[in-house]
Amino acid sequence: MLDFILASHGVFAYILVFSLLLAGAVGIPAPEDLTLIAAGILSSLSQVHTVLMGLVCYVGILTGDLIIYRIGWIAGPSLFRKKWFRKHISTDRLQLIRSNLHSKTVFTILIARHLFYIRTATFLMCGAVRISFMRFLIIDAFAALITTPVMMGIGFAFANNYTDILSFLDRIKLLLLLLGLATAAVVLYQYKKGKQSGN
């Protein structure tokens, strides 16, 4: 996929990157990080305008996140009973995210935006539990201001060695996954401990 993106330029490149960001948001296997890095490489190679591509990426990320949020809003609480949803998220993690969304909304959305394995489930739940649209938009917009320049910047700075970047990101993602699971376990423990002490 990366080679296909890098072969594009001009208007087609903007459309392709935007489309891939939306596709990744709705579950089609088009990794967001890879798309953003490719956008950075295209910018470095002068195949696109850097600022314009940055705007395209930023709007693409926000649009994808809002689509997920809206799906959750339409589905409502019934979302939590869907087989496909329960298949991908355990009961304990479901309770953890729901609790954090109400007590630590900003923190939960900021973290989820940068952890691909809980992003979709968290944003679906934001809509399902009726987190305010404006509140969600503002927090997510701020988080995307971090995601977009960082990932594009990596692609731009290391355009000549992008294979090494991808290998490095694979190792980093594994580390982030382990860190995220450890964090989730600690938060879940604290949540259960607090719930027991409140009884």
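In which hand does α3 pass α9, right-handed or left-handed? α3 passes α9 in a right-handed crossing; the views below concern a predicted model, in which local features need pLDDT of at least 70, side-chain atom pairs count only at pLDDT 80 or more, and totals for chains, interfaces and linings use all residues. Residues are numbered from 1 along each chain as its sequence is written, and side-chain values use heavy atoms, with hydrogens and water left out.

**View 1. Helices α3 and α9 at their crossing.** The two axes come within 6 Å and cross at roughly 55° (axes are lines fitted to C-alpha atoms, for helices over the stretch in contact, and angles run from 0 to 180 degrees between N-to-C directions). α3 and α9 are therefore oblique to each other (under 35 degrees counts as roughly parallel, over 145 as roughly antiparallel, 65 to 115 as roughly perpendicular and the rest as oblique). A right-handed crossing has the near helix turned clockwise from the far one by less than a right angle. Residues of α3 that meet α9 include L36, I37, A39 and G40; their partners in α9 include T147, M151 and F156 (contact means heavy atoms within 4.5 Å). Helices are DSSP runs (H or I, at least four residues), numbered from the N terminus.

**View 2. Helix α3 beside helix α4 (residues 50–75).** Here the axes come within 9 Å and cross at roughly 165°. That makes α3 roughly antiparallel to α4, and the crossing is right-handed. E32, L36, A39, L42 and S43 of α3 touch T50, M53, C57 and I61 of α4.

**View 3. Helix α7 (residues 105–113) against helix α9 (residues 133–157).** The axes of α7 and α9 come within 9 Å, crossing at roughly 40°, which makes α7 oblique to α9. This crossing is right-handed. Among the α7 residues in the contact are V106, I109 and L110, and among those of α9 are F136, I139 and F142.

**View 4. The salt bridge between R113 and E32.** Their side chains meet at 2.9 Å, N to O (a salt bridge is a side-chain nitrogen of Lys or Arg within 4 Å of a carboxyl oxygen of Asp or Glu). R113 lies in helix α7 and E32 in helix α3, so the pair ties together parts that are 81 residues apart in sequence. The whole structure has 4 salt bridges.

Terms used:
Helix = DSSP H or I, 4+ residues; strand = E, 2+ residues; numbered from the N terminus.
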